[in-house]
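Hello,

Here is the structure you were to receive, with the sequence alongside. My notes on what was found follow below it.

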Amino acid sequence: MSLNKPLVERKVTLILTDLPQVTADARSVRQIVLNLLSNSIKFTGAGGQVIVSTALSDDFGNDRAVVLRVRDTGVGMSEQDRRAAILAHFQRERNDASSG
């Protein structure tokens with residue numbers, strides 16, 4: 001499947017709540033969101049659904065956290081694939097830190 005397919009073939013739903021301002025690296029956050037959305041759309045077939053939602057969470061004790069969720073009806077990743085992707089990411093991070 002390709003991102004070049006019309007988005008009309010997939011239903012994208014936005015559920016956005018009013019959130020406080022967040023202090024974060026805007027470029028990094030933008031890239032993370034773009035990666036999540038592009039993968040979600042890419043691997044969700046025609047007639048599928050992508051849901052993007054935001055919330056404010058109290059799950060961190062006295063600290064509150066802004067939560068972004070991207071859910072879809074795409075093929076997904078197996079547990080083994082998720083672990084491999086996470087491990088590869090942290091290995092890249094470690095290599096980048098040691099070469100810099």
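**Notes on the structure**

Valine 12 is partly exposed, with a relative accessible area of 40%; partly exposed is the range between buried, under 20% relative accessible area, and exposed, over 50%, computed with a 1.4 Å probe and protein chains only. Before going further: this is a predicted model, in which local features need pLDDT of at least 70 and side-chain atom pairs count only at pLDDT 80 or more, while totals for chains, interfaces and linings use all residues. Residues are numbered from 1 along each chain as its sequence is written, and side-chain values use heavy atoms, with hydrogens and water left out.

**Overall layout**

The chain has two helices and three strands, and along the sequence they follow the pattern β-α-β-β-α. Helices (H or I, at least four residues) and strands (E, at least two) are DSSP runs, numbered from the N terminus. Of the 100 residues of the chain, 12% count as buried. The accessible surface of the chain comes to about 8,100 Å², and carbon and sulfur atoms account for 54% of that surface. Accessible areas come from the Shrake-Rupley method with a 1.4 Å probe; for residues, only the protein chains shown count as cover.

As for contacts (heavy atoms within 4.5 Å), take those in the chain between residues at least 6 apart in sequence: 61% of them join residues at least 24 apart.

**The sheet**

The three strands form an open sheet in the order β1-β2-β3, with mixed pairing. Two strands are taken to pair if DSSP finds at least two bridges between them. Strands β1 and β3 (63-72) stand at the edges with a single partner strand each, so one side of each is left without a neighbour in the sheet. From one strand to the next, the twist averages 20°. Helix α1 (residues 26-42) packs on the sheet and touches β2 and β3; the direction of α1 makes about 25° with that of β3. Axes here are lines fitted to C-alpha atoms, for helices over the stretch in contact, and angles run from 0 to 180 degrees between N-to-C directions.

Strands β1 and β2 run parallel and are joined by five bridges. Leucine 14 stands opposite valine 52 in β2.

Serine 53 also lies in strand β2 (residues 49-60). At 13% relative accessibility, serine 53 counts as buried. Which residues does serine 53 contact, leaving aside its neighbours within four places in sequence? They are Ile15, Val67, Leu68 and Arg69.

**Valine 12 and the nonpolar patch**

Valine 12 is found in strand β1 (residues 11-15). The C-alpha atoms of valine 12 and isoleucine 41 are 8.6 Å apart in space, and the two residues are 29 residues apart in sequence. Together with Leu14 and Leu16, Val12 makes a nonpolar surface patch of about 290 Å². Patches are made of residues with over 30% relative accessible area and no salt bridge: like charges are joined within 9 Å, and nonpolar side chains (Val, Leu, Ile, Met, Phe, Trp, Tyr) within 5 Å.

**Salt bridges**

Side chains of opposite charge can pair when their charged atoms come close. A salt bridge is counted when a side-chain nitrogen of Lys or Arg lies within 4 Å of a carboxyl oxygen of Asp or Glu. How many does a search of the whole structure find? There are three.

- Aspartate 58 pairs with arginine 64, the closest N and O atoms being 2.8 Å apart. Aspartate 58 is partly exposed at 49% relative accessibility, and arginine 64 is exposed at 54%.
- Glutamate 79 pairs with arginine 82, the closest N and O atoms being 2.6 Å apart. Because they are three residues apart in helix α2 (residues 79-99), glutamate 79 and arginine 82 are separated by about one helical turn. Glutamate 79 is partly exposed, with a relative accessible area of 41%, and arginine 82 is partly exposed at 37%.
- Arginine 83 also forms a salt bridge with glutamate 79, with closest N and O atoms 3.0 Å apart. Arginine 83 and glutamate 79 lie four residues apart in helix α2, about one turn of the helix. At 56% relative accessibility, arginine 83 counts as exposed.

Regards
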